[in-house]
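New page in my notebook. I want to look up how this chain is put together, one piece at a time.

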Amino acid sequence: MPRPEYTHDGEPLAKALQRLHHERPATLAGLAVCITGIVPGFKGRQAEDAAERHGARTTKNVSSRTALLVIGDNAGRDKLDRAERWNTPTITASEFLALI
């Protein structure tokens with residue numbers, strides 16, 4: 001199927017893709033991010049999905065490869081302990097929201 005040249009509202013597709021790229025920068029590009037606890041304003045996997053939209057690769061566990069641990073409300077003690085053991089940088093849910 002050929003790729004459309006215009007969006008449904010008549011904007012050239014190349015221009016729309018460029019605009020979206022600038023509106024949603026990849027602030028977490030290439031980072032392995034783990035989220036523990038509840039990030040206010042998000043339900044279920046929404047916080048992970050948001051991180052992935054900004055270029056992150058999300059993980060369920062903290063390891064030596066984890067670049068960043070986001071600490072939400074009711075954060076899991078195990079993930080916090082592992083982050084300390086691996087010297088993984090941590091940020092609060094508020095800091096995460098500012099990044100995305």
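This is a predicted model: local features need pLDDT of at least 70, side-chain atom pairs count only at pLDDT 80 or more; totals for chains, interfaces and linings use all residues.

**Layout**

I started at the N terminus and read off the elements as α-β-α-β-β-α-β-α. That gives 4 helices and 4 strands in the protein. Both kinds are DSSP runs numbered from the N terminus: helices are H or I with at least four residues, strands E with at least two.

Residues are numbered from 1 along each chain as its sequence is written, and side-chain values use heavy atoms, with hydrogens and water left out.

**The sheet**

In what order do the strands sit? I found an open sheet of 4 strands, S2-S1-S3-S4, with parallel pairing. Strands count as a pair if DSSP finds at least two bridges between them. S2 (57-59) and S4 (90-92) are the edge strands, each pairing on one side only. Neighbours in this sheet are turned by 30° against each other on average, direction ignored.

Next I checked S1 (residues 32-36) and S3 (residues 68-71): they run parallel, joined by 4 bridges. Cys 34 stands opposite Leu 69 in S3.

I followed H3 (residues 77-85), which lies across S1, S3 and S4 and runs at about 145° to S3. Axes here are lines fitted to C-alpha atoms (for helices, over the stretch in contact), with angles from 0 to 180 degrees between N-to-C directions. Contact means heavy atoms within 4.5 Å.

Of the 100 residues, 32% are buried, meaning under 20% relative accessible area (1.4 Å probe, protein chains only).

Definitions and conventions:
Buried means under 20% relative accessible area, exposed over 50%, partly exposed in between (1.4 Å probe, protein chains only).
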